[in-house]
Amino acid sequence: MKKFPPAIFFLLILSASCAEFSADHASSALEIITPEAILEDAAALSADEMLGRRAGTEGEERAVAYIQSRFEAAGLAPIAGSFTQDIEIVGMKRIDERSSLRIRRDGRELEFQPEQTLTYWSTAQKPVVEIQDAPLLFVGYGVQAPEYDWDDFKGADVAGKILLFLNDDPAVVEDGQELFEGERRTYYGRWTYKFEQAMRLGAAGAFVIHTTPSAGYPFSVVQRTGGREQFEVKLSGSGYQVDLVGWIDEASSERIAQQMGTTLEALFEAGARRDFEPVDTGFRVSARIETDIRELKTRNVYGLLEGSDPELKEQMIVFSAHYDHLGVDENVEGPDKIFNGAWDNASGTACVLNLADAFASLPERPRRSILFLACGAEEGGILGSKWFVARPPVERSRMVANFNIDMTQIFGLTWDIAAIGVDSNTLGDALQQVAEETIVSDPDGQERTLELTDDSDPRAGSFYRSDQVNFAMAGIPALFIQPGVDYVTPPKVDPQEYHREHYHQVSDRINEAWDLEGAARDM
């Protein structure tokens, strides 16, 4: 079995509390956080009746109602009389039957299967865009990083052209020093940065070359993106507006490289050189994209536990998780078309709900206030938290910390816990102190101190892929709580293989592989 000190003490470290705090009360609160309780909420949120919780749908409304009812039942308070915050977004969906894409070189068509090996759409927020024989220009990683004196464009005029980007950022070592933080993906390596570059430079479009190693996930994660409705928040300067954007799979990208007289591997090598300059691939792109555009609202859901200290209660700690997922996709083959999103992220939302129950049960509240936040429209581009931080329901300066939970531990108890961003602020120091006081034991009675680690897969760029990034970009210290990987007893499945098989697929449902003991311990 296991033994560990009250996790509540972590918040007391942050509060520098001198108040008496009963260990019995804390232990009683901890008993509320159980695998069974987390599973119950995760099952409710990922049920077929929730219709995949996609932004702007009936399924989302049902999820909002469930989360609000749970916050109310926990005794949390609304803010300005409401448990929800409207998010203004623009929805953009390609009209398939009136849209087309051709990529040609020397009169020969590049063969691809729409939405299977190449996916495309428009973010220009125009009903119709037309592109005729625009040059496809290979721009390497497309990075302009003045701090490294790195510029992949070298002054090239890319206006009106379609840019072909490598995923990730350059793996470069100079004078024994790793640029771009070595193995850790920087924002230059995010696909969103590539599309933003296309907009800034006046390009007509942008394609990102996908390989599983460079992306950190298989092509199946993105392959139907163009056929789904895309979203952007209605905030000045937010996101990217480009006539044509898309992803190209590895096999199709290899064919492009071969027509250029090279290989995809060689293109990656060329992109990692400081002297790289953009290369005309010889391909020309023509497209007509008709887009159904609508304005709609989605919602964040929150509840407040007011702190006990007359002064410190003005400061606020935010626990967040996104509740939305991918909805229902009629284009999916087979009878199951609901993306239930059990792991991503009914599990994380369930954890926040159980944390709310536990904190609200304390007879002596922490000195600082705690806000429990369920973010909407994360799958559409981390939009709910972007809106929340830009248009907060309280003064943003009151928010002193964010702990985000996205895809919690579902495979059992581990000897470790991960927190991405652990070295970026002093929250990591406090978490390290608690970890050093936490003892984990296996069924044979072997005991070890809980190990705190950073990102187990730094090339995946996970810190940029969930809601904590918007808090961090606003200067609010944030940690992204992640599952450990060193299991006390072997899980029922291979976690990495499970992720590859079920992430962003209709098969992301609760099943016999789930063991939430680790999630309960982490919470």
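Which residues do ring pairs link into a cluster? I looked this up first in the model, which is a predicted one. I noted that Y148, W150, F180, Y187, Y188 and Y193 are the members, joined by ring pairs.

**Entry on aromatic pairs**

I then searched the whole structure and recorded 20 aromatic pairs. One of them is formed by F388 and F471. Their ring centres lie 6.0 Å apart, and the angle between the planes is 50°.

I next asked where the two partners lie in the chain. F388 belongs to helix α10 (residues 383-390), whereas F471 belongs to helix α12 (residues 468-473). The two residues are 83 residues apart, and I noted that the pair links distant parts of the chain.

**Entry on charges over rings**

I looked up two arginines. The charged end of R94 sits over the ring of Y120, at 4.5 Å from the ring centre. For R228, I found the charged end over the ring of F339, 5.1 Å from its centre.

**Entry on helix α9**

I turned last to helix α9, which covers residues 342-360 and has 19 residues. From its first C-alpha to its last the helix reaches 25 Å, close to the expected 27 Å. I also checked how covered α9 is: 18 of its 19 residues are buried, and I recorded the helix as mostly covered.

How values were computed:
Residues are numbered from 1 along each chain as its sequence is written. This is a predicted model: local features need pLDDT of at least 70, side-chain atom pairs count only at pLDDT 80 or more; totals for chains, interfaces and linings use all residues. Side-chain values use heavy atoms; hydrogens and water are left out. Rings of Phe, Tyr and Trp (its six-membered ring) pair if their centres lie within 6.5 Å; planes under 30 degrees apart count as stacked, over 60 as edge-to-face and the rest as tilted. Helices (H or I, at least four residues) and strands (E, at least two) are DSSP runs, numbered from the N terminus. A charge sits over a ring if NZ of Lys or CZ of Arg is within 6 Å of the ring centre and within 35 degrees of the ring normal. The expected span of a helix is 1.5 Å times one less than its number of residues. Buried means under 20% relative accessible area, exposed over 50%, partly exposed in between (1.4 Å probe, protein chains only).
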